[in-house]
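Dear colleague,

Please find below the structure that I am handing over to you. My notes on it follow directly after.

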Amino acid sequence: MKKLDVLKESLKKAENFRAAASYISFDMATISPENAKPNEGELIAFLENEELKMRKDPSYVSALLSSLKAVDSMNEWERAMVLLAYRAYRMEKHIPEEEAYSFSLQEQQAFIDWEKAKDSADFSIFSDSLQKV
């Protein structure tokens, strides 16, 4: 399998993680019962972290860097895909997975607190979460 094909498969997997997190986030914002929201937030954080791990995996990085070397021989779509993936890699490569997971959990809790604050018109419910994020 060519490195570009490996990269495409990995990016497809990453998109699946993002889509799943997005569906859960929509559920959380619309029809999820209050007692289910913390669990859904944990699941979103898990999916986001799995995507980050995948983007830092040595086989992904190898495929990305090999594809980057051949970018001039690619069609416009492939070139854009590789360049965007490389830009994301540069931004994410130094982010520790544990910190990313912890931040994502805080972000999800902040969303839950924001909804509570909005519904009760009491900003103090949200202020602690806002400072953490």
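A residue is called buried when its relative accessible area is under 20%, exposed when over 50%, and partly exposed in between (1.4 Å probe, protein chains only). Because its relative accessibility is 10%, Glu-51 counts as buried.

This is a predicted model, in which local features need pLDDT of at least 70 and side-chain atom pairs count only at pLDDT 80 or more, while totals for chains, interfaces and linings use all residues. Residues are numbered from 1 along each chain as its sequence is written, and side-chain values use heavy atoms, without hydrogens and water.

Glu-51 belongs to helix H2 (residues 37-56); helices are DSSP runs of H or I with at least four residues, numbered from the N terminus. Setting aside neighbours within four places in sequence, Glu-51 is in contact (heavy atoms within 4.5 Å) with Ala-14, Phe-17 and Arg-18.

Glu-51 also forms a salt bridge with Arg-18, their closest N and O atoms being 2.3 Å apart. This pair links distant parts of the chain, since Arg-18 lies in helix H1, 33 residues from Glu-51. A salt bridge here is a side-chain nitrogen of Lys or Arg within 4 Å of a carboxyl oxygen of Asp or Glu.

Arg-18, partly exposed at 34% relative accessibility, meets Glu-15 in a further salt bridge (2.9 Å, N to O). Arg-18 and Glu-15 are 3 residues apart in helix H1, which means that about one helical turn separates them. Glu-15 is partly exposed, at 40%. The structure holds 8 salt bridges.

Yours sincerely

Methods. Helices (H or I, at least four residues) and strands (E, at least two) are DSSP runs, numbered from the N terminus.
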